[in-house]
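Here are my notes on the model you passed along. Have it open on your screen while you read.

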Amino acid sequence: MHRREVLAGLAAAGAGALLPRFAVAEIPAGAGTVRTVSDGNLVLPRSFVLGGLPEEELAPILKAHGVSGDQLTPPCNVTLYQDDTRTVLFDVGAGATFMPSAGELFESLDAAGVAPEDVTEVVFTHAHPDHLWGLLDDFGDPAFPNARLMMGRAEWDYWTDPETVNTIGAERQAFAVGAARRLEMVADQMEFFEDDDEVLPGIVAVGTFGHTPGHMSFDVGGGDGVFVIGDAVANAHVAFARPGWATANDQDPETAAATRTALMGRLAEEARTVIGFHLPHGGTGRVVAEGDGYRFEAADS
Ligand SMILES: [Zn+2]
């Protein structure tokens, strides 16, 4: 069976859980353009993201954003950058094996007129399953056969450390096993960068640690361009309203909260266009100061 048929079958099987899709316009960024392509959405237990937060303060925030129930269904927006010579993906989605509601990147790329062979570089924000596991196709072969692969050095070191599976905690043990297996298979191809490196022309890595030990954001094209924030700001409700809250979805909640607080201040101040991997309406918009916190102003709303 061809890979596309396998994926189409899965997508159809999970259709009941799918969220509305957003056709996101191309945005000029540096020498090229940026848009997002959907990988579907996640279905997460509420406690994985919001566990341990003060319920009295939390309830009105969630209500204001229409969030209720025991599950959260964050969308997954993969950023696609294209210029005259490059087709760059920021992360590769979840692949076929993580969740039935995710792993739709191939269909979305196809709809955008991009073949897997066209991708020249894959730049990773971090190595969680919904960002990394699409690296290999259903047959264990590289899903983007012509792409250079690039990851922050600290992120690589963490997930390839044999001790990580023992220290990460039971809830994320499968993340560690899954990352280590995939990264081992591409170890010879991976290229590394550090905080503040120009990863590709006009694309600068910005260390935004805490969600994972080596999580990176990317400034694409400077002030008028786009800031790819990955999971440094991973939802449009609590992360915006209370960026300083330490939340369970971050591996180091205290560091992530400090990172998020500083990042939100900067993004609002500079009125940057941001792309968040799990933000709504295709993930593209701005950070706007509101009350003690911020709100997400989606580009398409
Ligand atoms: Zn994520």
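The points below go through the zinc site, the salt bridges, a pocket and the cavities.

1. Ground rules. This is a predicted model, in which local features need pLDDT of at least 70 and side-chain atom pairs count only at pLDDT 80 or more, while totals for chains, interfaces and linings use all residues. Residues are numbered from 1 along each chain as its sequence is written, and side-chain values use heavy atoms, with hydrogens and water left out.

2. Zinc site. Four protein donors sit 2.1 to 2.2 Å from the zinc ion: Asp130 (OD), His131 (NE2), Asp231 (OD) and His278 (NE2). Donors here are N, O and S atoms within 2.8 Å of the metal (3.2 Å for Na, K and Ca), and water is not among the atoms, so sites may look incomplete. Along the chain the donors are spaced D-H-x99-D-x46-H. Asp130 belongs to helix 5 (residues 129-132), and Asp231, 101 residues apart from it, to the loop between strand 13 (226-230) and helix 9. Helices (H or I, at least four residues) and strands (E, at least two) are DSSP runs, numbered from the N terminus. Both Asp130 and Asp231 are buried, where buried means under 20% relative accessible area, exposed over 50%, and partly exposed in between (1.4 Å probe, protein chains only).

3. Zinc geometry. The arrangement is irregular because the four donor atoms subtend angles of 83 to 170°. To count as tetrahedral, four donors need all angles between 85 and 135 degrees; four count as square planar and six as octahedral if opposite donors are over 155 degrees apart and all others between 65 and 115, and anything else is irregular.

4. Salt bridges. The whole structure has 13 of them, each a side-chain nitrogen of Lys or Arg within 4 Å of a carboxyl oxygen of Asp or Glu. Arg86 pairs with Glu121, with the closest N and O atoms 3.4 Å apart. Glu121 is buried at 4% relative accessible area, whereas Arg86 is partly exposed at 22%. Glu191 pairs with Arg148 at 2.7 Å. That pair ties together parts 43 residues apart in sequence, since Glu191 lies in strand 9 (residues 190-193) and Arg148 in strand 8 (residues 148-152). Arg295 and Glu290 also meet, at 3.2 Å, N to O. Through shared partners, salt bridges join Arg86, Glu121, Arg148 and Glu191 into one network.

5. Second largest pocket. What lies closest to its centre? The second largest pocket holds about 150 Å³ of space, and of its 15 lining residues the closest to the centre are His65, Ala241, Arg242, Glu290 and Tyr294. On a 1 Å grid over the protein atoms alone, a pocket is an open set of points with protein on both sides within 12 Å along at least five of seven lines; a cavity is a set where a 1.4 Å probe fits but cannot get out, and lining residues have an atom within 4 Å of a point. Grid points are joined across faces, edges and corners, and a volume is the space filled by probe spheres set on the points.

6. Cavities. There are five cavities of 30 Å³ or more. The largest cavity has about 60 Å³ of space, and its lining includes the zinc donor Asp231. The second largest cavity comes to about 40 Å³, and strand 5 gives the largest share of its lining, three residues.
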